[in-house]
Amino acid sequence: MRHAILIAALLFATQAGASEVTVSESWARATAPGQGSGAVYLRIISQREARIVAVASPAADSAAMHSMTHDNGMMKMRELEALPLPAGQEVELGSGGNHIMLIGLKRPLKAGDSVPLTLTIQFADKRKEKVEVKAQVKPLTAGNNSHEHHHDH
Ligand SMILES: [Cu+2]
């Protein structure tokens, strides 16, 4: 059933021209044993003005968008209600900045696995679209090593 809906959505997207939302370079960093949360990074571009309003993953109890700022050498993460996607402009959820946090991982993220993720996109006309993403898990040493996550939940 879910597949039928997905195929219908894809056919519609093809008829409409091209998919309006494109995700690329999605990846997650492998987690250390005992680490309860993980971060996912990706690049996303929407042809029309939109916002990411929700994220979800079957790999974790919950998922959220976070922003990260450095304040006097202290790293602070804040949950984002929504992430704006200006029309035609690539937005990066990257290490060192905004990211998607998986909280309460059901099992550790292992290099070579992939993490399924659903992004809920809302366009300016209030119409919503779900975008399925499969983030590749890369070794712990990938990306910016100084980006450590300390979540106390
Ligand atoms: Cu975070």
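This is a predicted model: local features need pLDDT of at least 70, side-chain atom pairs count only at pLDDT 80 or more; totals for chains, interfaces and linings use all residues.
The site of the copper ion is irregular, with angles of 87 to 140° among its four donor atoms. Residues are numbered from 1 along each chain as its sequence is written, and side-chain values use heavy atoms, without hydrogens and water.

The donors are His66 (ND1), Met77 (SD), His99 (NE2) and Met101 (SD), at 2.2 to 2.4 Å from the copper ion. A donor here is an N, O or S atom within 2.8 Å of the metal (3.2 Å for Na, K and Ca). Their spacing in sequence is H-x10-M-x21-H-x1-M. Methionine 77 and methionine 101 link distant parts of the chain, 24 residues apart. Strands are DSSP runs of at least two residues, numbered from the N terminus.

| Residue | Strand | Strand residues |
|---|---|---|
| Methionine 77 | E5 | residues 74-80 |
| Methionine 101 | E8 | residues 99-105 |

Methionine 77 is partly exposed at 24%. Methionine 101 is buried at 0%.

Now to serine 57. Serine 57 sits in the loop between strand E3 (50-56) and strand E4 (60-71). Serine 57 is buried, with a relative accessible area of 10%. Its side chain reaches the backbone oxygen of proline 116 at 2.7 Å. Contacts of serine 57 (heavy atoms within 4.5 Å) include Ala63, Leu102 and Val115.

Conventions
Helices (H or I, at least four residues) and strands (E, at least two) are DSSP runs, numbered from the N terminus. Buried means under 20% relative accessible area, exposed over 50%, partly exposed in between (1.4 Å probe, protein chains only). A polar contact is a pair of N or O atoms within 3.5 Å; within protein, one must be able to donate a hydrogen and the other to accept it, and residues adjacent in sequence count only if both atoms are side-chain atoms. Four donors count as tetrahedral if all angles lie between 85 and 135 degrees; four count as square planar and six as octahedral if opposite donors are over 155 degrees apart and all others between 65 and 115; anything else is irregular. Lists of a residue's contacts leave out its neighbours within four places in sequence.
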